[in-house]
Protein chains: 2
Amino acid sequence: MAVYTQVDDQTLAEFLAGYDVGEATSFKGIAEGVENSNYLLETTKGRYILTLYEKRANPEDLPYFLNMMEHLAEHGIPSPLPIHDREGKALQMLAGRPACLISFLTGVSVHHTTENQCAALGAMLADMHKVGQSFGTTRPNDLSLAGWQELAEKTAARADEVQVGLANEISTEIAFLAANWPKNLPEGTIHADLFPDNVLFTGDKITGVIDFYFGCTDMLAYDLAVCLNAWCFDEEHKFVPGRAKRLIEMYDAHRSLSPAEIEALPLLARGAALRFLLTRLYDWLNPVAGAVVNPKDPLDYLKRLKFHQSIGDTAAYVV
Amino acid sequence: MAVYTQVDDQTLAEFLAGYDVGEATSFKGIAEGVENSNYLLETTKGRYILTLYEKRANPEDLPYFLNMMEHLAEHGIPSPLPIHDREGKALQMLAGRPACLISFLTGVSVHHTTENQCAALGAMLADMHKVGQSFGTTRPNDLSLAGWQELAEKTAARADEVQVGLANEISTEIAFLAANWPKNLPEGTIHADLFPDNVLFTGDKITGVIDFYFGCTDMLAYDLAVCLNAWCFDEEHKFVPGRAKRLIEMYDAHRSLSPAEIEALPLLARGAALRFLLTRLYDWLNPVAGAVVNPKDPLDYLKRLKFHQSIGDTAAYVV
């Protein structure tokens, strides 16, 4: 949530000379994305985002993310389009960091999501999944069962500092999910982190989907389960059925959910809640020195997890 | 250098409803200014910067700064123009902070300054000083002799942690400046912090001057002395005579320097070097918890101070 790597005007001018994007008329570091440095660049030809990938990004994964964005953008999903230089390259080195220039998307991310926005999200997510079927590359989801197990081990000794009994709740849930995690649901390319922060709206219309740096290959319905967690609870972490109903119904209208996917949704939602509980817990216990942003409360996702544990079946989501 | 206060989409929409600026089409926190939260806002009608003033800003001073910007912008200086709401107010409260919407300025700030850019700076600074003569309000310079004395006292006990003998060098210099500080030079409205960070260029043309939050009433030639320090030394803190010559000559071409001002320039430059040495030293010894940006090295300005101490007279600046 800051600019970690400074890019001065001369370095920028030399970098842009490799592209057919004109010359810089404005260049401002933006407080977007927790892990990378981002600049909003205006040139004589248009607007762009320049991203420099910081230490936590694995350089080997970057081509996958950029190709995924490009594939989606070329197939009508409003994702950023990586810009290629005069030699055809999108991924560069700049100021000692891997870097990429991508197209700028208008729109404002929403803090309080509405039912209409959830409907728009469902439609876009289904379209993204359909379009993703022709994306040729795969990448495992590092933050599925095995990843959760690893985070659970790393946090076990201190989880109870956050809430007594938390380590035990996590290990019990992982054991349950490991025994019951779906195996034969439709898979494909998923965003895997589709929070309101990562969607830009103009009114109720989605004009941008950003931050594909958790993109991977996994069950499509898992992506929907992430959205259920991220979009369909209110400020007090109470479930808002109206939002979930519109999200799921519009998803289904754009890409039919199979009976097996529908049945698995509460289980997938438990997994998604656990995923964010675990990453937040890890960040809470291991704050980054010098970070401006306070770590988010992991217990927000324990509340969601308990809700998903409590419901009978998917019908509870679409009342 | 970060966004300290979050403004969500609903809060923003309610705020903008008070203005005739259209609706938000993009809204991004920008990493600009060390002390305040800044957002780049695009609306259906234009582009703006939204600033929320954080704790270090004295709310009583804000009307002065905003009026100064407005006066300069209305008289042809490319400073941001504070936007007034439908009731005529520019200074607001937003998310619990004093806040102001100002016009967006294009241009890129330069890291390595050129002689032509220094010439443009001299012309603009002189124009700003002339235009400032009709600005009716005054504000004392908190960071002149008395302020330096205060910072020297606050840092004296630990200054030698940075360099042995530094506390003594500072107190000797302050004693010298106190005895010799000019008293009868032309005064007026000055920027007082006109570093390259605060000037936006398109090529060699200045398209923006920003960050008026040290603006005050003081000797006009002191503002030029700040620029001598901030623009006319290279990366190794060596003086670059070509830059200083163009800066001073173009200033003089737009506003004639009196013989007394010319004679006082080395002394004013010593004072300006000491001012930034002291504020950097204070920030170095008192780092802000959670700050992303490392404090700047105070000794950069000790090197400048020694240079100004070493020269004979102003002729050394314009060789």
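This is a predicted model: local features need pLDDT of at least 70, side-chain atom pairs count only at pLDDT 80 or more; totals for chains, interfaces and linings use all residues.
**Figure 1. Relation between chain A and chain B.** The same surface serves both copies, since 100% of the contact residues of chain A recur in chain B.

**Figure 2. The side of chain A that touches chain B.** In this interface, 26 residues of chain A are in contact with 27 residues of chain B. Helix α1 (9-17) and strand β1 (24-30) of chain A each supply at least two residues of this side. The largest share, 7 residues, comes from β1(A). By class, the residues of the side of chain A that touches chain B comprise 11 nonpolar, 11 polar and 4 charged.

**Figure 3. The two domains of chain A.** The domain assignment divides chain A into domain 1 (9-103) and domain 2 (115-318). Their C-alpha centres lie 27 Å apart. The contact between them takes 17 residues from domain 1 of chain A and 17 residues from domain 2 of chain A. On the side of domain 1 that touches domain 2, 10 residues are nonpolar, 6 are polar and 1 is charged.

**Figure 4. Strands β1 and β2 of chain B.** Strand β1 (residues 24-30) of chain B has 6 of its 7 residues buried, so it is largely enclosed by the rest of the structure. β1(B) pairs with strand β2 (residues 37-43) of chain B in the antiparallel sense, over 6 bridges. Within this pairing, B:Thr43 in β2(B) is the bridge partner of B:Ala24.

**Figure 5. The surroundings of B:Tyr39.** B:Tyr39 lies in strand β2 of chain B. This residue counts as buried because it has 25 C-beta neighbours inside 10 Å, and 20 or more are required for that class. B:Phe27 is 12 residues away from B:Tyr39 along the chain, yet their C-alpha atoms are separated by 6.5 Å. When neighbours within four places in sequence are left aside, the contacts of B:Tyr39 are B:Val7, B:Phe27, B:Lys28, B:Gly29, B:Ile30 and B:Leu50.

**Figure 6. Helix α9 of chain B and its packing.** Helix α9 (residues 299-310) of chain B has 12 residues, which at 1.5 Å a residue should span 16 Å; its end C-alpha atoms are 16 Å apart, in agreement with that expectation. The buried residues of α9(B) are B:Tyr301, B:Leu302, B:Arg304, B:Leu305, B:Phe307 and B:His308. These buried residues pack against α5 (166-180), α6 (220-231) and α8 (259-285) of chain B.

**Figure 7. A:Ala95, a residue with a positive phi.** Most residues other than glycine have a negative phi. A:Ala95 is not a glycine, but its phi is positive, at about 50°. A:Ala95 is found in the loop between β4 (91-94) and β5 (97-103) of chain A. With 14 other C-beta atoms within 10 Å, A:Ala95 is partly exposed.

**Figure 8. A:Asp211, a residue with a positive phi.** Although A:Asp211 is not a glycine, its phi is positive, at about 60°. The loop between β8 (205-209) and β9 (216-219) of chain A holds A:Asp211. A:Asp211 is buried, with 23 other C-beta atoms within 10 Å.

Conventions:
Residues are numbered from 1 along each chain as its sequence is written. Chains are lettered from A and ligands numbered from 1 in the order in which they are written. Copies are superposed by least squares on the C-alpha atoms of residues with pLDDT of at least 70 in both. Two residues are in contact if their C-beta atoms, placed from the backbone, lie within 7 Å. A residue is buried if 20 or more other C-beta atoms lie within 10 Å of its own, exposed if 12 or fewer, and partly exposed in between; C-beta atoms are placed from the backbone. Helices (H or I, at least four residues) and strands (E, at least two) are DSSP runs, numbered from the N terminus. Two strands pair if DSSP finds at least two bridges between them. Ala, Val, Leu, Ile, Met, Phe, Trp, Tyr, Cys and Pro count as nonpolar, Asp, Glu, Lys and Arg as charged, and the others, Gly among them, as polar. Domain bounds come from an automatic or database domain assignment. The expected span of a helix is 1.5 Å times one less than its number of residues.
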